[in-house]
Amino acid sequence: MGPLVARISRCGQRLRQADRARPWVLDTAVVVLVFAMFCLPDLVHGITGDGDGPRRFRLAFTQLSPPAMLALQAGLVLPLLWRRRRPMAAFVAVAAVFVLQWSLDAVLRADVALFIALYSLALHGRPRQLPWACGVMAGAMVLVAVRVSAAMSVWDALFFLLSTATAALALGLMIRVRRAQLAGLRDRAARLEVERDQRSRLAAATERARVAREMHDIVGHNLSVIITLADAGAYATDLAPERGKEALQLIGDTGRTALGELRRVLGVLREAADGPAAVPELSPQPGLADIQALCEGVRAAGLEIVYRTVGDVDDLDRGVQLTVYRIVQEALTNALKHAGAGTRVQLSVLVEDERLVVRVRDNGTTGRSGPWNEEGHGLVGMRERAALYGGDVSAGPTAGGGWTVEAVLDLAHRAGTR
């Protein structure tokens, strides 16, 4: 049963496509079919003088000549050619010829064209035209019922005729509603496809922004440390060669660490491209446990760092830990760039109920009159990370000299959005 239904569905789809390409073919085919089934028998019987109805029924009506019969049949059938383009005009033309024919006491099988015109009007016409058409149809059916009263009961004839008209009207409306439903489903499917593509693009843009932040933090911090170590090593080479060698070793360690982090980030991109369409996690990623190692690397570059934590920091979510790590990394990087070697940095991470505060304060004497890191994306990236947890980042000079970066995260906000 399944293959048969699929085959019929494919045939129907091909016919609809052919009809959209050449609509006149179907309209002409309907006219030809109606003429062959309902007009030719009347013409043959009119020429031969035969009839297939009761003698009383035949004698009650006018026997038309073949030319007159052909003219009335043409008036009934030919308007069906524009039944889809001008359904109301086709119905009015058929109804006018129908009333004229029955006014002449003539009976034709081609009268079925009126029911076809009503069906087409219900399917293709304007809904507000249907009440007028139904009124005309009811009047025409009453006329026919009165005319055939010599052969059968008026009420029986009226019941049969009105039932047939109602069936034609209902069929047209049913198909019209069904087509509207299918059109609505196709439109909804198209909109869902567009929305899916938009969501995919937004997800890709979000992932690119996240990876861009990771790359900025990794490359910016490690290059700053490497540059500072290289300058210090070049200065120390002539005075203390062993210090120059130590600087080179630290440069190598820092470069290897940066390369490892970059490989992890780029590995996530490869997995996202080759694997299923899921949101990749940037894992493994550094957390609060790695801040101590981060501080050691910055100390080797010349900063004096005092690091402390308050509260239960070990149970924080991995995403929170990554955010804190990157904020600290960016703040230390800018302290290294702007404050210079020998600067003392106080770094603290405090967890207070549902609130986490990261504070990085230095006593650097280097002048920084404008907004911190205004030429780059550091502050913007830190604020984007903090915004994921309903927080914000502020940066500015400290009273008495130095610079302070403070980030506040709302841990309850992140938990409530899951």
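Predicted model: local features only at pLDDT ≥ 70, side-chain atom pairs only at ≥ 80, totals over all residues.
Colleague: Let's start with the second largest pocket. What's its volume?
Modeller: About 740 Å³.

Colleague: And how many residues line the second largest pocket?
Modeller: There are 23 of them, and Arg 16, Asp 19, Arg 20, Arg 84 and Arg 179 lie nearest the centre. Helices 1 (2-21), 2 (23-48), 6 (112-124) and 8 (154-239) are the elements that each give two or more residues to that lining.

Colleague: Which helix gives the most to the lining?
Modeller: Helix 1, with eight residues.

Colleague: What's the lining like by class?
Modeller: Eleven residues are nonpolar, eight are charged and four are polar.

Colleague: Changing topic: where is Gln 73 found?
Modeller: In helix 4, which covers residues 66-77.

Colleague: Is Gln 73 buried or exposed?
Modeller: Buried: its relative accessible area is 1%, so Gln 73 falls under the 20% cut-off.

Colleague: What does Gln 73 touch, leaving out residues up to four places away in sequence?
Modeller: Phe 35, Phe 38, Cys 39, Asp 42, Leu 43, Leu 108 and Ala 110.

Colleague: Now the rings. How many aromatic pairs does the count come to?
Modeller: One. Phe 98 and Trp 102 form a tilted pair, 6.3 Å centre to centre with 50° between the planes.

Colleague: Where do Phe 98 and Trp 102 lie?
Modeller: Both are in helix 5 (residues 87-103), four residues apart, or about one turn of the helix. Phe 98 is buried at 3% relative accessible area, and Trp 102 is buried at 4%.

Conventions: Residues numbered from 1 in each chain as written. Heavy atoms only, no water. 1 Å grid on protein atoms, 1.4 Å probe; cavity = no way out; pocket = protein on both sides within 12 Å on 5 of 7 lines; lining within 4 Å. Points joined across faces, edges and corners; volume = space filled by probe spheres on them. Nonpolar A, V, L, I, M, F, W, Y, C, P; charged D, E, K, R; others polar. Buried < 20%, exposed > 50% of the residue type's maximum accessible area, 1.4 Å probe, protein only. Contact = heavy atoms within 4.5 Å. Phe/Tyr/Trp six-rings, centres within 6.5 Å; stacked < 30°, edge-to-face > 60°.
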